[in-house]
Amino acid sequence: MPEEQPAAAPSPGEDFLPYYRPDIGEEEVEEVAATLRSGWLTAGPRVAEFERRFAETVGAAHALAVNSCTAGMHLALVAAGVGPGDEVITTPLTFAATANVIIHAGATPVLADVEPGDLTLDPDQVLARLTPRTRAIMPVHYAGAPCRIDEIVAIARQRGLLVVEDAAHALGTALGDRSIGSFGDVTAFSFYATKNVTTGEGGMVTTSDGELADRMRTLALHGLSHDAWDRYTAHGSWYYQVLAPGYNYVMADVQGALGLRQLERLPAFQSQRRRLAARYHELLADLPELVLPEQRPGTTHSWHLYVVRLRTEEGTLDRDRFIEELRARGIGTSVHFIPLPLHSYYRETFGWRLSDFPRTEEAFQGLVSLPLYTKMTDADVERVAAAVHEVIHAGR
Ligand SMILES: *Cc1c(COP(=O)(O)O)cnc(C)c1O
């Protein structure tokens with residue numbers, strides 16, 4: 001995600017609180033070093049173990065490690081046979097990758113507006129965008145809030161549609177006691193540097209459909225009849241067939257090593273994120289100019305992002321000024337996301353206009369992601385909250 005890279009890089013001033021900082025411990029360093037010493041670099045035993053533990057963690061029957069969430073979403077669409085002539089419904093408030101994979105599959109992305117509360121894809125808006133050509137629905141669990149995935153799956157089941165979830169933000173997200181990763185036909189997670197668990201670059205797809213899992217596994221390694229793990233072990237054979245024109249989407253074992261140790265830390269990561277988010281809530285609740293992120297009852301938010309919305313009607317302070325003023329106080333922020341209709345390619349190709357998605361349009365005007373990462377301290381959260389107060393008071 002290019003817009004996040006500058007924020008993830010080492011910051012210039014000592015006093016600068018970046019929007020994001022990675023959390024890599026000695027256990028990850030040790031595991032990666034051990035992997036390098038083992039001589040197994042491409043997908044191998046650590047990737048296999050990472051897949052097994054990941055499937056357990058989210059309660060999925062199958063998990064396949066890939067080299068990005070984007071690759072995983074693309075793989076899911078192609079493996080399920082989505083292609084030219086098909087329409088895939090998704091949200092305007094997402095990263096470019098969600099729409100791009102639909103285009104790469106040869107299908108046409110169709111947008112449906114978000115819920116006004118948690119800004120996830122609204123199932124009622126999906127219903128309004130269905131056509132005889134609709135083949136799949138791709139919701140996004142925005143910021144780590146679960147979308148109404150049970151309703152989206154029900155819509156899909158009634159009509160024989162596929163559900164591929166963009167769960168880039170949703171490791172740690174649950175509906176009741178069921179984790180995201182066990183609902184849709186395929187769920188794709190991201191381990192990009194800023195995500196709740198990272199392998200630098202990387203992703204995982206989960207599914208309960210064994211056939212779909214096999215097809216994705218074949219397509220992820222050039223469409224070959226065996227994977228490299230089989231071919232180079234003692235019982236492997238040199239012979240293979242190309243079953244389909246596949247891709248090179250496999251994860252390397254060094255990434256699997258990193259992912260394994262990160263995944264072990266997930267419970268600790270999530271309790272820290274929950275704590276920091278709760279602290280933001282306490283410290284920002286008295287500002288009528290801000291809409292704080294909500295959590296629907298009965299759900300678990302992964303707190304991948306802490307997205308606040310400036311109520312633009314409440315004052316003269318606009319979002320861009322707000323971001324500049326925070327930066328001037330040494331605080332990095334980000335915006336998730338520039339809605340898809342505002343990008344020239346999509347606008348010109350599909351004729352999308354932001355005004356056709358009024359809830360996204362309204363939310364975007366005030367959207368700001370405050371820093372939230374496990375290495376933050378309570379004092380860091382207090383510092384951000386104090387700066388937010390100062391900027392908002394000055395704007396009154
Ligand atoms: C990060 C992100 C992606 C892309 O993930 P990669 O692993 O970098 O491919 C897709 N969708 C959303 C919503 C994201 O935030």
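**Exercise 1. Is D378 buried, exposed or partly exposed, and which residue does D378 pair with?**

Step 1. Start with accessibility: D378 has a relative accessible area of 28%. Buried means under 20% relative accessible area, exposed over 50%, and partly exposed in between (1.4 Å probe, protein chains only). D378 is therefore partly exposed.

Step 2. Keep in mind that you are looking at a predicted model, where local features need pLDDT of at least 70, side-chain atom pairs count only at pLDDT 80 or more, and totals for chains, interfaces and linings use all residues. Residues are numbered from 1 along each chain as its sequence is written, and side-chain values use heavy atoms, with hydrogens and water left out.

Step 3. Now find the partner. D378 and R275 meet through their side chains in a salt bridge, 3.0 Å from N to O. A salt bridge here is a side-chain nitrogen of Lys or Arg within 4 Å of a carboxyl oxygen of Asp or Glu.

Step 4. Helices (H or I, at least four residues) and strands (E, at least two) are DSSP runs, numbered from the N terminus. R275, at 44% relative accessibility, is partly exposed too.

**Exercise 2. Which parts does the salt bridge between R296 and D118 tie together?**

Step 1. Check the distance: the closest N and O atoms of R296 and D118 are 3.6 Å apart.

Step 2. Locate the two ends. R296 sits in the loop between β10 (290-291) and β11 (299-300), and D118 in the loop between β3 (108-111) and α6 (123-129), so the pair links parts 178 residues apart in sequence.

Step 3. Compare the labels: R296 is partly exposed at 27% relative accessibility, while D118 is buried at 11%.

Step 4. For the whole model, the count comes to 28 salt bridges.

**Exercise 3. How many residues surround the ligand, and of which classes?**

Step 1. Count the shell: 14 residues surround the ligand, the closest being T70, D166, H169, S190 and K195. A residue is near if one of its heavy atoms lies within 4 Å.

Step 2. Sort by class. The shell has six nonpolar, six polar and two charged residues. Ala, Val, Leu, Ile, Met, Phe, Trp, Tyr, Cys and Pro count as nonpolar, Asp, Glu, Lys and Arg as charged, and the others, Gly among them, as polar.

Step 3. Look at individual atoms. An N or O atom in the side chain of T70 is 2.5 Å from an oxygen atom of the ligand. For H169, a polar side-chain atom lies 2.6 Å from a ligand oxygen.

Technical notes:
A polar contact is a pair of N or O atoms within 3.5 Å; within protein, one must be able to donate a hydrogen and the other to accept it, and residues adjacent in sequence count only if both atoms are side-chain atoms.
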